[in-house]
Amino acid sequence: MAHEREVGEEQAFLDRALMALDHMRDEARSLRDSAAVANMRGAGDLVERDVVMGTALHRLDQLAIGDQPLFFGRIDYNPDALGTSDIYHVGRLAVSDDELNPLVVDWRAPVAEAFYRATGVESLGLSRRRHVAIRGHEVTGVEDEYFADASGELALPEDEVRNATEEGLVDGGLALGGPGALLAALGRARTGRMGDIVATIQGEQDQIIRSPLAGVLLVQGGPGTGKTAVALHRAAYLLYTYRATLERQGVLVVGPNPLFLNYIENVLPSLGESGVTLSTISGLVTNVEIRGEESEEVDQLKGDVRMATLVSRALRTRQRALRADVTIPVGRAIITMKSRYTEEVVDRARRRPGNHNQRRSAVGRELANRLAQEYYERFVREGLDEVNAAGELADLIRSTTEFKEALQRIWPRLSGQELLHDLFGAPALLRAAGKDLFSDAELELFVRKRSESLDEIEWTKADAALIDEARVLLGPRKRPRPPLKNLDNGILEGIDLDAYASDVRAAALREAQRNAPQQSTDLDEAEFVTYGHIVVDEAQDLSPMELRVLKRRDLTGSMTIVGDMGQATTASSSASWNSVLEVLDPRREPNRVDLTVSYRTPEEVLEFAAPTLLKATPGLEAPRAVRRAGFTPIVETVSANEFAPTIVRAVRREVEAVAPGRVAVIVSARRVTEIMEILNTNGVEAVDPRDHDSKGLGADLVVLSAEGANGLEFDAVIVVEPAQITSRGSADPTRSSPRGLRTLYVAMTRPTRRLAIVASGALPETLL
């Protein structure tokens, strides 16, 4: 236990800091209230109000830390020549007193770096690092670590009794900052939502978080290494350090599925950053509802980079000359659109720059002008028609139904969904586009029955990436919107906006737009938002076509790519980090960092799962564990008749053992419903966290598919029928595949405390 004196010292400081925080909040509220009741006499007042109100609301949002501790650490530097020692408290946000003297420094500030990086070998000038445990407004404990000075001496207080927190730690010389605080955090029951780790960030993690903004940072980390948390904290750090740039350009965080996004959605807000966009790859493709699933073989093919060529060729097959002449009535005459005209026009249009839909206008204009000139030569010059300008004739021709129908056959205006629907619904189009690219057998797998309406199509996740690819080639279907007219509606008349700072100019324009009538600014489907920094989690599971979706959203070449090739579980996942980088094609040499220490997953679980990882990915080493759980994984093999009661007993045992923690039953996707029914029938309440009407991952007991478990964590996990999981991706259901073994590895490494295996069939050889 920490000394009462030290707890009292930190309690007195906490009381002072909380009073200062209340004062800061009062100032922000006063600023907000004064802006709300200010008299608006002109444009300048509107601009000032907008800026002041925005600043006040943003500040209040930053200061709203809820029930989170105001600070969690303290660093004491070695005394200088005058015997003065600098002391800083480290917390979630910077707090100053009413005279602007700093009390708490933001964890992202440069001065706080030593709190995370100092080790016994390199103290970074510290004499002491203190971890402070706070619950509500009460300090409940402190943990001190002392560092040797330049002469190798430790400045320990005379009455200091060192509190070695060895229980639960793995020997092996791992440099851990605040081992007691770390173990306490890891030992807490899961809540169903990921929390931040600002109080327990370790040195290797902090180095990644504070890496420079520019370029691609690739982070390889095994189970429990904290790679997801590190990636999210890096996003918060970058927003703090490069706020002026990234608030304008935006930050995007991409996760593998909606369940995962729900799991991490509170992390950044808890760090004071609420302006980050969270999405799946499919979510980036607007107006495409993912309702369907397809075979793994088709999913793998659709994720192949060859699909980019297939889509491009498919579009080219839609740019075609007429096979026969078409007659078009104009005025009192009939003119003929000859097929040879259309051949020439299509050939020229294909060589023009721009996207497909954009070039359609040029095709129509050229054909109409040629027909108009022909009509003019035959009828107007001889006085047989009163129309006296070729331009008027061209407009008249383009307005006819016959011309419009012909143009749609020659150069149709298409959306991405229409192009894909037509392609997969027409074997002839598939053969024309896929010749020498895919085998006939592969092309047959793409064929699906045409639907009466695009709304009826059950698009899949792989389809979304293809639609995005098509949209880039096609371009917007809508004509470009005209610029907004009368933007200021007189509001900014006489105001020299260039005389103001950029943020004031932006505020003025926002206010003017709010008060002026304007047209819709909704994006066309083929237009998309780009971002100044992109964080990609579980990147090993992205297909090459999904990576291309991501690359299109990249504005500056700044990305944080996080994942583990040992956990690559999708049919179309990339084979290696080199193949991922080949698709993303970074603008500068990427930087790779490996997280080698597992903080979450206990040693017993990692040792149990190691043979499965070795079999699945021989060249990849498992991370080292920092802690033991004191519990050896249980393996129960039973007969088919005993399977249901054994599952029920195992679940009840684990729920009781980790209460009030969370338990997950992980099984192959096709058996989720069956296991749910077994448990609920026997009085054990279990939920599918994907059900929006349930508690989701916050439930005490959930049943998950192994395919959807990436990135999640639970206090205890029961893996059911592991052999069925390892057969995933294998043509023979009795044999394991590398992808199936990796999926099992993911499932077995989700727990922070306890792991159990239940099987009625044979076990995979890696578990024998």
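Me: Which residue in S13 does Leu 218 stand opposite?

Reply: In this predicted model, Leu 218 stands opposite Ile 561 in S13.

Me: Which other strand does S7 pair with, and in what sense?

Reply: S7 also pairs with strand S14 (residues 591–595), again in the parallel sense and over 5 bridges. Within that pairing, Leu 217 stands opposite Asn 591.

Me: And is S7 mostly covered or mostly open?

Reply: Strand S7, which spans residues 216–221, is mostly covered, with 6 of its 6 residues buried. Both faces are covered: one side carries Val 216, Leu 218 and Gln 220, the other carries Leu 217, Val 219 and Gly 221, and all of these are buried.

Me: Switching to helices, at what angle do H11 and H17 pack?

Reply: Helix H11 (residues 306–317) and helix H17 (residues 427–434) pack at an angle of about 120°, and their axes are 8 Å apart. The crossing of the two is right-handed.

Me: Which residues meet there?

Reply: From H11 the residues are Leu 310, Arg 313, Ala 314 and Thr 317, and they meet Leu 429, Leu 430, Ala 432, Ala 433 and Gly 434 in H17. Sorted by class, this contact has 6 nonpolar, 2 polar and 1 charged residues.

Me: How many salt bridges does the count come to?

Reply: The count comes to 52 salt bridges. One of them joins Glu 344 and Arg 370, whose closest N and O atoms are 2.8 Å apart. Because Glu 344 lies in helix H12 (residues 339–351) and Arg 370 in helix H13 (residues 356–380), the pair ties together parts that are 26 residues apart in sequence.

Me: What about Asp 468 and Arg 552, how do their side chains meet?

Reply: The side chains of Asp 468 and Arg 552 meet in a salt bridge, at 2.6 Å from N to O. Asp 468 lies in helix H19 (residues 461–474) and Arg 552 in helix H21 (residues 544–552), so this pair ties together parts that are 84 residues apart in sequence. Since buried means under 20% relative accessible area, Asp 468 counts as buried at 2%, and Arg 552 is buried at 16%.

Definitions and conventions: Residues are numbered from 1 along each chain as its sequence is written. This is a predicted model: local features need pLDDT of at least 70, side-chain atom pairs count only at pLDDT 80 or more; totals for chains, interfaces and linings use all residues. Side-chain values use heavy atoms; hydrogens and water are left out. Buried means under 20% relative accessible area, exposed over 50%, partly exposed in between (1.4 Å probe, protein chains only). Helices (H or I, at least four residues) and strands (E, at least two) are DSSP runs, numbered from the N terminus. Two strands pair if DSSP finds at least two bridges between them. Axes are lines fitted to C-alpha atoms, for helices over the stretch in contact, and angles run from 0 to 180 degrees between N-to-C directions. A crossing is left-handed if the near helix is turned anticlockwise from the far one by less than a right angle, and right-handed if clockwise. Contact means heavy atoms within 4.5 Å. Ala, Val, Leu, Ile, Met, Phe, Trp, Tyr, Cys and Pro count as nonpolar, Asp, Glu, Lys and Arg as charged, and the others, Gly among them, as polar. A salt bridge is a side-chain nitrogen of Lys or Arg within 4 Å of a carboxyl oxygen of Asp or Glu.
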